[in-house]
Amino acid sequence: MNYLSVENLSKHFGDKTLFENLSFGLAKGDKTALIAPNGAGKTTLMRMLALKEDSDEGIISKATGIRIGFLEQQPVFDEQLTINELINGSHTHVLQAIRDYEAALEKQTGHFSEQNRRELEEASARMDFMKGWDYERRLKQLLDRFAIYTHDQQIGTLSGGQRKRLALALVLLDEPDLLLLDEPTNHLDIDMIEWLEGYLRQTNITFLMVTHDRYFLDRVCNNIFELSFGHLYHHKGNFTFYLQKSQEREETLRIEAAKAGQLLKKELDWMRRMPRARTTKSKSRIDAFYELKERASQKRNQQQISLGFSMNRLGSKILELQQVNKKFGDTTILDDVDFMFNKGERYGVIGKNGVGKSTFLNLISGKIPPDSGKIISGDTVVYGYFTQESFSVDENKKVIDVVREIAEVIPMGGNQTATASQLLHRFMFPAPMHHQPVSLLSGGEKRRLFLLTVLVKNPNFLILDEPTNDLDISTLQTIETYLQEYKGCLILVSHDRYFMDQVVDQLLVFEGDGKVRGFVGNYTDYREYVLEQAKEKAIELAAEATEKESLSVKDVTVKKKRSYKEQKEYEQLELEIHTFEQEKATMEVAMNSGLTDYVLLEKQAARIRELIQLIDEKTMRWLELDEIGSTN
């Protein structure tokens with residue numbers, strides 16, 4: 001069953017064409033990722049599918065009765081509302097269904113009528129459709145899962161990460177038939193991401209997702225849509241399969257373009273010598289020439305970031321923390337932490353949201369002071385700090401002026417220099433974009449420009465706080481290569497497990513309550529270590545339980561006969577079990593007799609459940625006493 005169908009969809013911004021004549025469908029059970037470079041129109045396409053933005057041409061249609069849930073890349077809420085007010089306003093249809101059901105149920109306690117019965121049936125059907133039966137339980141579970149605990153907090157006081165997590169919780173709470181998710185893993189800690197992986201793997205969930213998280217793509221998706229040069233390619237498989245097929249396709253197109261170029265030389269010579277009298281045959285050959293020219297002129301090489309910055313000399317003394325303490329209110333971030341960073345070390349920082357990872361980065365970069373203790377930085381250390389916060393620059397400023405404010409000419413590796421314009425070219429900003437205002441850049445392009453402003457200062461100690469958010473996969477791969485060859489110190493906070501595995505060799509694990517633990521290895525090494533520790537603990541607990549059970553059995557076998565009191569209890573239990581069994585049988589007959597009084601039926605069903613529990617409990621006790629044996 002096709003949930004969503006798209007035919008000949010096109011979108012233009014002025015002279016720029018994002019895509020033309022896109023056609024595709026999303027069927028029930030499809031778990032699809034949309035992959036494209038920054039600025040190719042991923043977010044625009046997602047907003048069009050969610051009917052938040054108009055297309056220039058084309059048709060978007062959904063199956064009747066299909067409910068769509070949309071997670072925006074940058075969720076927008078009413079700043080004045082509290083979280084509770086937002087929830088109540090966002091889910092009025094569910095809350096109304098719950099109120100209608102409660103009202104219909106209340107009427108059943110009075111005079112029963114056929115109309116009351118119909119109202120209750122209709123209200124129950126709406127509860128089924130809206131998934132309202134366990135609404136409150138799911139709401140609490142999702143808000144807790146995404147670390148949203150204070151529900152009377154005003155939206156305007158939430159951070160960007162909290163807003164994204166709140167929006168994700170509300171979208172999942174609705175349990176729509178089709179999910180449209182734009183960068184769902186941004187601002188989630190690794191535990192949350194792994195939970196979301198498991199949730200989206202469920203067979204009854206259908207989604208289209210934009211994400212750069214390669215582990216996530218590999219483990220969750222069974223379809224890949226690749227938006228490349230304005231065309232959409234469909235790959236039936238996971239991310240690894242897509243990489244293979246995409247590379248094969250691009251290589252084939254490159255070879256075809258090269259062959260067309262060779263043939264074009266021959267046809268061009270014919271065009272120059274062509275007689276004035278044009279026959280039908282020659283006209284056909286002319287048309288073929290222009291098609292060949294277009295094919296030969298296609299440039300299929302995807303533009304790549306070029307990183308070749310020099311690095312300031314780094315001395316032997318880097319950074320040292322001596323008994324550092326930091327608190328925010330009742331939350332302890334660091335508790336008497338001692339640590340020393342050595343030359344060339346590269347650390348990943350992991351831990352749940354709220355344990356103080358970003359605060360730690362602000363401490364070591366000197367943005368905020370510690371409550372006590374010392375943070376000593378070497379004289380030669382030049383920090384480059386890429387934060388997860390929004391790029392704080394005047395949005396009306398031209399792109400090239402943002403770089404020129406740092407320097408007009410920047411020293412590069414190998415005693416070379418580069419102008420601001422040349423640097424922008426290296427960072428995939430073509431000449432027409434240099435004099436555009438920053439406001440016209442996509443989210444990923446703004447992040448790329450921010451990264452450029454950090455690296456042009458030639459830092460020898462890089463501090464990267466969630467650098468992968470909103471960047472396309474090609475850019476991430478280039479940054480990975482650069483960081484693997486980087487000779488300075490590196491501290492990285494990232495929820496992107498693949499990225500972290502590629503560039504760090506040690507971890508700082510923030511465990512909460514100010515405790516920070518070091519670990520030698522990358523994230524996958526740490527995950528395997530944690531699983532192994534958990535397995536050993538489970539084996540240890542199982543052994544303890546077996547030992548206790550063995551001792552308990554010995555205690556029972558020592559006792560061969562029931563006491564007088566136990567004998568009386570044993571006999572009483574037999575009578576009670578028999579009585580409860582008879583009552584249960586009588587009530588089951590009554591319920592199957594065609595009775596239509598819903599209130600009475602509900603009471604009888606509740607009593608049967610109670611009887612079943614009583615019979616089970618008393619039977620277990622009777623079996624214990626029966627094993628002991630009689631004193632008579």
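1. The structure holds 28 salt bridges, each defined as a side-chain nitrogen of Lys or Arg within 4 Å of a carboxyl oxygen of Asp or Glu. This is a predicted model, where local features need pLDDT of at least 70, side-chain atom pairs count only at pLDDT 80 or more, and totals for chains, interfaces and linings use all residues. Residues are numbered from 1 along each chain as its sequence is written, and side-chain values use heavy atoms, with hydrogens and water left out.

2. Asp335 pairs with Lys515 in a salt bridge, 3.4 Å from N to O. The pair links distant parts of the chain: Asp335 lies in strand β11 (residues 331-341) and Lys515 in strand β20 (residues 515-520), 180 residues apart. Strands (E, at least two residues) and helices (H or I, at least four) are DSSP runs, numbered from the N terminus. Asp335 is partly exposed at 35% relative accessibility. Lys515 is partly exposed too, at 42%. Partly exposed falls between buried (under 20% relative accessible area) and exposed (over 50%), using a 1.4 Å probe and protein chains only.

3. Glu511 and Arg517 form a salt bridge, with their closest N and O atoms 2.6 Å apart. Arg517 is partly exposed at 30%. Glu511 is partly exposed at 45%.

4. Arg621 and Glu624 meet through their side chains in a salt bridge of 3.1 Å, N to O. Both sit in helix α20 (residues 598-628); they are three residues apart, so about one helical turn separates them. Glu624 is partly exposed at 44%, and Arg621 at 28%.

5. One network deserves a look. Salt bridges with shared partners join Glu194, Glu197, Arg201, Asp213, Arg219, Arg497 and Arg527.
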